[in-house]
Amino acid sequence: MKNVFILLFMSFLLLEGILSEVIQSDILTFDTEFLTEPDTTTIESITTTDGLTEETTNQNFTEETTTEFDPTTEDPDSNTIESVTDTTQIPTSSTSIPSKPVTSPTSKRNPIINIEEGALRGIYKKGFYHFMGIRYGQAPIGERRFKPALPEPAWTGVRSALKFGSACPHIQLITQLFMGNEDCLFLNVFAKTLPSDMEFEKPLPVMVWLHGGAFKAGSGNFPLTGPDFLVNEGVIVVTLNYRLGALGFLCVDENARGNMGIQDQILALKWIKRNIAAFGGDPDKVTIFGFSAGAVSVDILMLSEAAKGLFSNAIAQSGSVLAPWSFVQNPREQAFRLGQQLGYKGENSTELVEFLRKTPTILIEERSVKMNTPEDERNALSINFTPCIESQFENSSDHQPIITEEPLKTLMRGNYTNVPYIGGFNADEGILIFKNILMDPKATEKFKKSDMYFIPSNINITNIDKAEVDLIAQDISHIYLGLKKDNNRQKVADAMVKYGTDVFFLYGMTRTLRYHLRNGNKNVRAYRFAFDGALNFYKKFVGYTGPGAAHGDELGYLFTAPSYMYLGMNLNNMASREVITKNRMVKMWTNFAKFSDPTPSDSWNMESKWNPIENEDNFSYFDINDELNQVNQMPHQDRVDFWDEVYHEYNKRSSNQI
């Protein structure tokens, strides 16, 4: 019983990417020192047997010391490199690939490569190379807090890339414990082969994963997003950390312009552009893909001039730049609310930012999640710090703005970089909201009684007559609860699931896809993931036992998880529904990275082909279930039509265009 309880507890902790640092393998380890302020990084220089100098970075990691990724369990002398390829043969970040040296078993086990900034030592295990905890930016601490991070400078010697770096600071949504370290700008690279390997043939496509977590949690180290499935299909996978919460998205004035988390992503993409060739990657064939907040990030990067030329394909999974939670509505007010929570009484934004720069990280994170805002009644997700519009700030030499107008205006004008694009959602995204019933027994009552709950937070109702607002709210509630609000708890829960799917995910995604089509993008595809199987981990975490594919459930079919998640399963059973779906998903996603087509004729033997959407009038989507089907209509057309009417009605009453 004790083991069952531990597994259940761990499952709840994994919800929504909020425990990205605690579990790196099958063993859960806790570090009781995570409540203290992080120590500064120290570097030890170690002379290796071949005369090179290796730097090992010792940090006050929070939860990174574990068995699976601890190289000392596989390499007894982790600080000594037994055999190193001659430095003239070590691949560099140049796009030209050097001649292939004969790689000894030891050098393959402990590979060293040169990137533009210096040499890195990784490890070969589980059939592919791991280079983890690579700094792509300097620690954004002190005066650099709330500012764009600076690139990591060059170093001498060989730097260890054997363990994950610390995640960025955040509060676990379930345990409410502080995790992470401000010194967190790390990325990880996973590759099947390196240019020095005899079997290396040509540069491989690169897939860059942008994690989810509502812009306030998660990391590139998250244990449910292991790269194994993808890497084994012949792509290089890069995962990364970016700043979260107020530290990543405080948006108040020229001293804290916001969108630091997106700036971090762009800094990482520039690092990839410079250095990925050293790992055998093609810098001109980079696919960005993300889930939830990561999907919103994908959309923002497409719209931003600052990210132009850094990627060639994009996949947005269960998130959209037009979702009501994707952009903060009143960023300045949010900043001052946070200051008030921490004891700041003034009204000067410069003073506020200085006050917050001197505030301990843990206090900022703890107060951020406890803020109450006027939008809370209309926002079941309670996301307080997200991307913002930077148009009110002047450009400066050290800051290129990310996005300077409402995303809808950019989409309407079409003045952004169009690349091959996939956008999709899960059939029952709103199961995510079901957790509120578990955590808040009054959630269903709030849903039934508060008509305001139904009005998406990106509808500005301040200039609309209250009687008209009530009519809009009633129309929305009738769609989901009927003309007479049912008191049956299960029916209300079902309504919450359907409402959450539509408002927070489906509708924004559909609108985004339509604008890409209007702007002439001929390589736009849509999907609905509806498969319900044993790898639908996220639904299980919220305690939902009904049918459906919840928010995040597709990730179990793209990424590997710790082995205890597969208890009772046989991933080698090719006839298993789960294995079939996993193989299909991995193949389609990696095909898109390789060919900008998930089902190319020469690499796809399924009977159903996933075609691009022809145009807005001939909308189609790919339905991913036990069978794969191209459906020649918009997903949930009736519900999308309803929200089209609501937003059209709203646009006649307000100048807000989101």
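# Report on aromatic pairs, helices and loops

Tyr129 is buried, because its relative accessible area is 1% and a residue counts as buried under 20%. The structure described here is a predicted model. Tyr129 forms an aromatic pair with Tyr124, and this pair is edge-to-face, with 4.7 Å from centre to centre and 65° between the planes. Tyr124 counts as partly exposed, because its relative accessibility is 23%.

## The protein as a whole

The protein has 658 residues, of which 62% count as buried. It contains 17 helices and 20 strands. Among contacts between residues at least 6 apart in sequence, 74% join residues at least 24 apart. The protein exposes about 24,700 Å², and carbon and sulfur atoms supply 50% of that area.

## Aromatic rings

A pair of aromatic rings is described by the distance of the centres and the angle of the planes. The structure holds 25 aromatic pairs. Which parts of the chain does the pair of Tyr527 and Trp610 tie together? Tyr527 belongs to strand S18 (residues 524-529), whereas Trp610 is found in the loop between helix H16 (577-595) and strand S19 (621-624), so the pair ties together parts that are 83 residues apart in sequence. Both Tyr527 and Trp610 are buried.

Ring pairs also link Trp325, Tyr480, Tyr499, Phe504 and Phe505 into a cluster. Rings take part in a further kind of arrangement, in which a charged residue lies over the face of a ring. Arg518 lies over the face of Tyr515, at 4.7 Å from the ring centre. Lys582 is placed over the face of Phe229, at 4.5 Å from the ring centre.

Helix H13 (residues 466-481) has 16 residues and spans 22 Å from its first C-alpha to its last, close to the 22 Å expected at 1.5 Å a residue. Its buried residues are Val469, Ile472, Ala473, Ile476, Ser477, Tyr480 and Leu481. Where do the buried residues of H13 lie when seen down its axis? They fall within an arc of 145°, so they line one face of the helix. One of these buried residues, Tyr480, is also a member of the ring cluster. After H13 comes Gly482, whose phi is positive, near 85°.

Helix H7 (331-342) has 12 residues and reaches 17 Å from its first C-alpha to its last, close to the 16 Å expected at 1.5 Å a residue. The buried residues of H7 are Pro331, Gln334, Ala335, Phe336, Arg337, Leu338, Gly339 and Leu342. Their cover includes helix H4 (245-249), strand S13 (251-253), helix H8 (349-357) and helix H9 (361-368). Just after H7, Gly343 takes a positive phi of about 110°.

Most residues other than glycine have a negative phi. Ala214 has a phi near 65°, a positive value in a residue other than glycine. Ser318 likewise has a positive phi, of about 60°, although it is not a glycine. Ala214 is placed in the loop between strand S11 (204-210) and helix H3 (228-231). Ser318 is placed in the loop between strand S16 (313-317) and helix H7 (331-342). Ala214 is buried, with a relative accessible area of 9%, and Ser318 counts as buried at 1% relative accessibility.

## Buried residues in helices

Arg511 lies in helix H14 (residues 489-518). Is Arg511 buried or exposed? Arg511 is buried, because its relative accessible area is 7% and the limit for a buried residue is under 20%. Ala268 lies in helix H5 (residues 260-275) and is buried, with a relative accessible area of 0%. Not counting residues up to four places away in sequence, Ala268 touches Tyr136, Leu187 and Leu240.

| Residue pair | Separation along the chain | C-alpha separation |
|---|---|---|
| Arg511 and Ser320 | 191 residues | 8.9 Å |
| Ala268 and Arg135 | 133 residues | 9.2 Å |

Methods. Residues numbered from 1 in each chain as written. Predicted model: local features only at pLDDT ≥ 70, side-chain atom pairs only at ≥ 80, totals over all residues. Heavy atoms only, no water. Phe/Tyr/Trp six-rings, centres within 6.5 Å; stacked < 30°, edge-to-face > 60°. Buried < 20%, exposed > 50% of the residue type's maximum accessible area, 1.4 Å probe, protein only. Helix = DSSP H or I, 4+ residues; strand = E, 2+ residues; numbered from the N terminus. Lys NZ or Arg CZ within 6 Å of the ring centre and 35° of its normal. Expected span 1.5 Å × (residues − 1). Arc of directions from axis to C-beta. Contact = heavy atoms within 4.5 Å. Areas by Shrake-Rupley, 256 points an atom, 1.4 Å probe, with all protein chains shown as cover.
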